[in-house]
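Open your viewer and get ready to select a few residues. We will take the stops one at a time.

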Amino acid sequence: MRPLRPPAPFAAWAAGAFGEAALIEYANATAGIYRCAALVGDRLEAILFVGPAGDRLCWSAARAAFAATALDRDARIALLSGRTPEGGGALVCACFGVTLPAIRDAVRTGRAETPEALGALLRAGTNCGSCLPDLKRIIAHERTPASH
Ligand code: FES
């Protein structure tokens, strides 16, 4: 396996290439992922997604974002997570666009009762791991009988 390149050169390139646009970014140097959206006002002007094979941009999300007259906070998060904002709910795993309702449903239905099982089912927590504390907290909450 080739070593992953850090995202810093891409961030510098985007800052120069997208001129006066405001940049919103997601970077994971360990995974070699850099994602950037350039906004003029609230409107999307450009995107740059860099990552290893398997780290994919959701083209329908990108098309919808370019077509929108304005991107709100949830749409911006969804775009950088590479997913559509469909299905709603708070985003827990930004790497894979996994929402709180999806995690709750997996736990409540018994399909996933550990972070590892959530990773196998939804991919949540299987990239940078920064959402693992949230996954553990959600599982503990959902498995507490009084929480439903
Ligand atoms: S936020 Fe990176 S693996 Fe969940």
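**First stop: an aromatic pair**

Select F18: with 18% relative accessibility, this residue counts as buried (buried is under 20% relative accessible area, exposed over 50%, partly exposed in between, with a 1.4 Å probe and protein chains only). Before going on, note that this is a predicted model, where local features need pLDDT of at least 70, side-chain atom pairs count only at pLDDT 80 or more, and totals for chains, interfaces and linings use all residues. Residues are numbered from 1 along each chain as its sequence is written, and side-chain values use heavy atoms, leaving out hydrogens and water.

How many aromatic pairs are there? The count comes to 1 aromatic pair. Rings of Phe, Tyr and Trp (its six-membered ring) pair if their centres lie within 6.5 Å; planes under 30 degrees apart are stacked, over 60 edge-to-face, and the rest tilted.

**Next stop: the sheet**

Now show the strands (DSSP runs of E, at least two residues; helices are runs of H or I, at least four; both are numbered from the N terminus). Here 3 strands make an open antiparallel sheet in the order 1-2-3; strands pair if DSSP finds at least two bridges between them. At the edges are strand 1 (22–28) and strand 3 (43–50), each pairing on one side only. Select A22 and you can find its bridge partner, L39, in strand 2.

**Last stop: a loop**

Select R123, in the loop between helix 5 (115–122) and helix 6 (132–142). R123 is partly exposed, at 36% relative accessibility. Its phi is positive, about 75°, although R123 is not a glycine. Most residues other than glycine have a negative phi.
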